Amino acid sequence: MQTNQDYRIAVSDVQWRKLKVSDDKQDLIWYHGTLTWPTYARGRTIVIEGVIIAPIREITSKAMDWLDALFALQGVPSTVETKELKIIDEQMRERVIRCKVDQPVDYEIEEDNDHNDGAIRRRRVALFASDPKFYSTIDSLFYGQEGNYGGFQLPNTMSNQWNMTYNEINCLTTSNADQPIKITITVGGNINKPLTIYNVTANKWFMLDIDADPGDVIVIDAKNQTATKNGLNILGYRVPWSQRPTVKGITKYVMYDVDWWIYGSDFDVALSFNNSLL
């Protein structure tokens, strides 16, 4: 609700769950049945409804000016102007989504009451988000740890010759769709190309054809589709067919170099993301 000393702008309803989807089907010619394809999310429409409460129509008009400025249509047609919308659900979880104005503010008044001062004026605006996911405002952060090798839980009191282990990360998410992640690798020992980030759960991998030395910091940001080493762009070293790292539900990642194993002291890994709702 927007309130000042002259008027109140109240929200009566927010329809934020409606997805735009594609669901293609094709009848099989000369056969019984229908061929179907997966249903994909193509965007999300959000409708916000409410009322303006003011003592006189002049003040109502001022409130309308404020709303018209807030939900103004974009002025530069070559770019899509979006704003961040925050939604707080019934469990008090905060999520954000970036939207454009799809339909500008539309106003209604109580029937046969336009001549009265102090009339309640209804209003409605429709927004559209090309990325239909709501992202949590809280970052989830997981750190790498040594995993299993040869039936042992490592680290173990063995010589370095045998103490070979993947750098393993187990992620627990509440997302109901694949969520792009950000991986920060701080190198402690020599890494020989290629460096592989393997999603064990989904059987997908992301690979960079690079070496790394102690002190290097490699950042792979799947959401923004970037990869850097010590701040320099290395996305050009992405191996073809690599898929950007994502998480969904319980997801396990392991990381290794050309030798298919990395000693536990070779690097530290931090993986972060914002849980999303589709």
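Accessible areas in these entries come from the Shrake-Rupley method with a 1.4 Å probe, and for residues only the protein chains shown count as cover.

**Entry 1: the model and the whole chain**

I am working with a predicted model, in which local features need pLDDT of at least 70 and side-chain atom pairs count only at pLDDT 80 or more, whereas totals for chains, interfaces and linings use all residues. Residues are numbered from 1 along each chain as its sequence is written, and side-chain values use heavy atoms, with hydrogens and water left out.

I looked up the surface and found that the protein chain exposes about 16800 Å², of which carbon and sulfur atoms supply 51%. I took buried as under 20% relative accessible area, exposed as over 50% and partly exposed as in between, with a 1.4 Å probe and protein chains only; buried residues make up 38% of the 278 residues in the protein chain.

For secondary structure I used DSSP runs numbered from the N terminus, helices being H or I of at least four residues and strands being E of at least two, and the protein chain comes to 1 helix and 24 strands. With contact meaning heavy atoms within 4.5 Å, I noted that 69% of the contacts between residues at least 6 apart in sequence join residues at least 24 apart.

**Entry 2: salt bridges**

Side chains of opposite charge can pair when their charged atoms come close. I counted as a salt bridge a side-chain nitrogen of Lys or Arg within 4 Å of a carboxyl oxygen of Asp or Glu, and by this rule the count comes to 4 salt bridges.

Glu49 counts as partly exposed at 24% relative accessibility, and Arg124 counts as partly exposed at 34%.

I then turned to Lys86 and Glu94, which form a salt bridge with the closest N and O atoms 3.5 Å apart. Lys86 is partly exposed at 47% relative accessibility, and Glu94 is partly exposed with a relative accessible area of 33%.

For Arg95 and Asp89, I found the closest N and O atoms of their salt bridge 3.2 Å apart, and both residues are buried. Asp89 and Arg95 are also linked with Arg93 in a network of salt bridges.

**Entry 3: backbone details**

I checked the peptide bond from Lys193 to Pro194, which is cis, with omega near 0°. Pro194 lies in the loop between strand S16 (182-187) and strand S17 (195-199).

I also noted that Met92 has a positive phi of about 65° although it is not a glycine. Met92 sits in the loop between strand S7 (83-88) and strand S8 (94-109), and is exposed with a relative accessible area of 63%.

Trp241 likewise is not a glycine and has a positive phi, of about 75°. I placed Trp241 in the loop between strand S21 (232-233) and strand S22 (246-247), where Trp241 is exposed with a relative accessible area of 76%.
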